[in-house]
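Thanks for sending this one over. Could you keep the viewer open while you go through my comments?

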Amino acid sequence: MRAGYLFVTLILAQFSAFASPQFTKCARVLRVLSLTPHDTSVELEIRNSEPILSLLTTTDGTLAPLLPPRANKENNSIVLPPALEDTFRGVTYDQMASTPWDNLTSREKRLFLNWITVRKTTPFFEDRTVPGIKIKDKATLTFKKETDFLGRVYEAGEHEIDISHLFRKVEYGSPDQSPEFLELHFRTNRPSGEVSNGAWTFLTGISVPKNHQHVHVVSALNIKQLQSDGPVRSLMFTDYYRRANLVLEMMSLIEDKNSGLSKRESENVIFWDTLTPDKLKSVYDFFEFTRNVGHQPPFQSRAKMAYVGFRGADTYDSSDLIGFEVRGISHLSNPEDIKKYLNTLQWTLQQEHYGISKAEMEKWIETHRTHTAIDTTPLYYNQPWENLKSNGFGHRFEEIDPYMRNHFFDLEKNRELKMLIHDWSKDPLLFQKPKLLKRIRDEQIKAISDLNSGTFSIRQVMEQFLIRSGIYGIFTRSLGN
C-alpha cells in the first residue's frame, strides 16, 4: 500500500499546476478588497468549554435577566432548583437579581444556564437564542507570535481587545438545546476570507481549538438586471452556486483529505447533507419567481443543507440580500485556501457574470433546453443511481469485485464516486470543450479500473481523477472569472 501511495504522489506531481485551488483570475482585485458592501458572518458551533464560558455574561451583567418573573411586587422570595438552593439559601429575589454574573463559579454559571434552558418555552427551530445571555464587550487574547487580527497586527503576548462589534447573539448549537453546545455569531465588515480567518484567530487567542465554520457571504440581488436578462440570468447565478459547491467538495477531498461525501442524520433531524438536483432546482425556481414578481419570496432553509447553502432575504437583515452559507469549512481546512475561496466568492458575486458569460450560457440553453423549460437537473453529478447507470459505464460495474460493488451500490456513503460515472458533457463549463471531455472520460475509465484493482483508497482515486482530468483546475478557476 505504501508503494501504491508513492505512485499516486509521483503521478500527482506531474499535474502540480492543477493540484491546488486555482483562484487566480481575480487575485489582483482580491488584494485590494479591504472594504466590502456587506458584513460577513461566521457561525461557530462550539463546545461550551471554560474559555467560552468565561466570555459569556448576561444582557445587563447581573442575574436579573435569568430569573423568572416575581409572583407579585410584594413577594421577595424565589423558588430555586435543588442544585442552586444550598448556594443561595436565604437570599431574597432582589439580592439575587442584583448579583453580578461574574461573581458565580463556573459550576454555578452552568447551573443557571441549565435552569433558563428548562424554562425556555420556544422550540429550537423557532428561536435558538439562549435567554438573557450575550458575549462580553472585551476579551483577553494571547498570541504566541506577531499576529494579524482583522487588519491590525498584534505583538506576541496578551491583549485586551474590544469585541463588542464582532459578536451578535448567543444561540444553542443543537436541537436538544443543551447549553453545553453553543453557536456564536462572529460578524464584521471585512473581506469574507479575512473574517473567516479572524474567527479562527480569535479562538486561538482564547486557547480554543480551531473548529468548523458556517460563513455567510452576502450580496444584493439586482432584480432589475434579473428581469432585463431573463431566464439566462437566473441560470447563470444558479450555476455559479452549483460550482461553488462542487469546488468546496473537491477541496475537502483533495486539500482536507476527507474520506468521503455523505449525509449525517439522527432520527428525523438532518445535521449534514450535500447538494442535490432538487435543491439546485429550488434555487433556480427562486430566481425565476423573483424575476417574474419583482421581489424575493420567502426561501427559508430549502437549500441550506449542502457544502454551500443558499439563502434569501428572509435569512438576512435587508430585503435585497441573498447569500451563500458556506458550511463545508472544517477544522482541517487550510486557512489560506479558505481565505482565497471566500474572497473569490464575495468578489464574483458583485460582478456582471459568474465565471460563464451570458453568451456562453445562452448557447448552452439553446442546446440543452427541453421544449420551453430549462432543466437544471442534469447539472449536478449527485444524481440517483438509476440515472447514473445510463451514462455508459454500467457494464463495467459487473466486472468489479464484491467489495467494491458494495460501495457502488451504496453510493450514499461515498457520493463523490458519482463523479466517476457522471456525464460531464452536459456541463455549462465543459460542453464546448471536446478535448477536455475526452480527457475526463479517459480518466473516469481509469479511475474505475483503479477502484476495481483495490490498490488505492477511494480518496486517493478521487484525488487522482479530479486533478488528472483537469476538473479541479478548471472549476476553481471559473469561480474567479
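My notes follow as numbered points.

1. Ground rules. This is a predicted model, where local features need pLDDT of at least 70 and side-chain atom pairs count only at pLDDT 80 or more, while totals for chains, interfaces and linings use all residues. Residues are numbered from 1 along each chain as its sequence is written, and side-chain values use heavy atoms, with hydrogens and water left out.

2. Overall make-up. The protein chain has 18 helices and 14 strands; these are DSSP runs numbered from the N terminus, helices being H or I with at least four residues and strands E with at least two. Of the 481 residues, 54% are buried (under 20% relative accessible area; exposed is over 50% and partly exposed in between, with a 1.4 Å probe and protein chains only). Take the contacts (heavy atoms within 4.5 Å) between residues at least 6 apart in sequence: 74% of them join residues at least 24 apart.

3. Six strands line up in the order 8-9-1-10-14-13, with antiparallel pairing (two strands pair if DSSP finds at least two bridges between them). Strand 8 (167-172) and strand 13 sit at the edges with a single partner strand each, so one side of each has no neighbour in the sheet. On average, neighbouring strands here are turned by 20 degrees against each other, direction ignored.

4. Strand 1 and its partners. Strand 1 (residues 40-47) pairs with strand 9 (residues 181-188) over eight antiparallel bridges.

5. Strand 14 and its partners. All of strand 14 (residues 321-329) is covered, with nine of its nine residues buried. Seven bridges tie strand 14 to strand 10 (residues 213-220) in the antiparallel sense, with Ala220 and Leu321 as bridge partners. Strand 13 (residues 308-311) is joined to strand 14 by four antiparallel bridges, and Arg311 has Gly323 as its partner there.

6. How do helix 7 and helix 11 cross? The axes of helix 7 (residues 192-205) and helix 11 come within 6 Å and cross at roughly 145 degrees (axes are lines fitted to C-alpha atoms, for helices over the stretch in contact, and angles run from 0 to 180 degrees between N-to-C directions). Helix 7 contributes Ser192, Gly193, Glu194, Ser196, Asn197 and Trp200 to the contact, while helix 11 brings Pro335, Ile338, Lys339, Leu342, Asn343 and Gln346. By class, that contact has four nonpolar, six polar and two charged residues (Ala, Val, Leu, Ile, Met, Phe, Trp, Tyr, Cys and Pro count as nonpolar, Asp, Glu, Lys and Arg as charged, and the others, Gly among them, as polar).

7. The cavity. Searching the whole structure turns up one cavity of 30 Å³ or more (on a 1 Å grid over the protein atoms alone, a cavity is a set of points where a 1.4 Å probe fits but cannot get out; lining residues have an atom within 4 Å of a point). The largest cavity holds about 50 Å³ of space, a volume being the space filled by probe spheres set on the points, which are joined across faces, edges and corners. Its lining consists of Leu248, Met251, Ser252, Glu255, Asp256, Gly328, Ser333, Asn334, Asp337 and Ile338. Helix 9 (231-254) and helix 11 (335-348) each supply at least two lining residues, and helix 9 has the largest share with three. By class, the lining has three nonpolar, four polar and three charged residues.

8. Helix 18. Seven of the eight residues in helix 18 (residues 471-478) are buried: Ile471, Tyr472, Gly473, Ile474, Phe475, Thr476 and Ser478. Those buried residues pack against helix 9, helix 16 (434-453) and helix 17 (458-468).

9. His165. Last stop is the loop between strand 7 (157-162) and strand 8, where His165 is found. His165 is partly exposed, at a relative accessible area of 43%. Leaving aside neighbours within four places in sequence, His165 is in contact with Arg187 and Thr188. The C-alpha atoms of His165 and Thr188 are separated by 7.2 Å, although the two residues are 23 apart along the chain.

Note on methods: On a 1 Å grid over the protein atoms alone, a cavity is a set of points where a 1.4 Å probe fits but cannot get out, and a pocket is an open set with protein on both sides within 12 Å along at least five of seven lines; lining residues have an atom within 4 Å of a point.
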